[in-house]
Amino acid sequence: MLLKKLSALLFAIVAMAGLQVVTTGPAAAAPRILYYDASQAQEFVAVVNQGAQIWNSRVTNVQLQPVPAGRTPNIRVYADNGWPRTYTTSLGNGRWYMGREAVNDGYYQPRIAAHEFGHILGLPDNRTGRCSDLMSGSSAPVSCTNAYPSATEAATVNTNFRTSATVPAQVFVFAG
Ligand SMILES: [Zn+2]
């Protein structure tokens, strides 16, 4: 009660003095945890885990973890013979396919996995042709073995999760 009055008084004094009240927020917000289920990724389970770890090593506001038993995953990962592709439902949620079409063409598997997770994290395709851009996807040469997001891409993901960016449901195809 007294504290409430004191803080109200203090606020009034600060307001009268014309000072700006700076809200710093919590020192370090906990990252948002997204659970992924790789149990249906067939021969690609290890590379799916690798793709998740790549993101975990580059961003702080979100982390990708294998789904614990009994919990509904945010992300489901599958494998089939088509192109790798992602179906997002909202920021941090959706499903993606490790498509053998690109694998058989020789695209670097960890890059595919990290790229598809990138869509789930709110990044669109960005066909710059540059290997240094993860989201350039198949526009970069098939010989590209960079599986890490650029600093800009990582910063965008951190911003997406800090601000809870609105991402529409979309389909992204890693076409060759
Ligand atoms: Zn893509």
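Predicted model: local features only at pLDDT ≥ 70, side-chain atom pairs only at ≥ 80, totals over all residues.
**Stop one: the whole chain.** Colour by secondary structure and you will find 5 helices and 6 strands. Following the sequence, they come in the pattern α-β-α-β-β-β-β-α-α-α-β. Of the 176 residues, 36% count as buried. Among contacts between residues at least 6 apart in sequence, 63% join residues at least 24 apart.

**Stop two: helix α4.** Select residues 109–120. At 1.5 Å a residue, these 12 residues should span 16 Å, and the end C-alpha atoms lie 17 Å apart, which agrees. Now look around the helix: 11 of its 12 residues are buried, so α4 is largely enclosed by the rest of the structure. Among the buried ones are Arg111, His115, Glu116 and His119, along with Ile112 and Phe117. Step past the end of the helix to Gly122, which follows α4 and has a positive phi, near 100 degrees.

**Stop three: the largest nonpolar core.** Select Val48, Trp55, Val77, Met98 and Phe117; of the 36 residues in this core, they touch the most other members. The elements that each supply at least two core residues are β1 (32–40), α2 (45–56), β2 (62–66), β3 (75–80), β5 (93–99), α4 and α5 (151–162). In soluble globular proteins, nonpolar side chains tend to be buried together.

**Last stop: Val48.** Which residues does Val48 touch, leaving out those up to four places away in sequence? Show Ala38, Ala41, Val77, Met98 and Ala113, and you have them.

How values were computed. Residues numbered from 1 in each chain as written. Helix = DSSP H or I, 4+ residues; strand = E, 2+ residues; numbered from the N terminus. Buried ≥ 20, exposed ≤ 12 C-beta atoms within 10 Å, placed from the backbone. Contact = placed C-beta atoms within 7 Å. Expected span 1.5 Å × (residues − 1). Core = buried A, V, L, I, M, F, W, Y, C linked by C-beta atoms within 7 Å.
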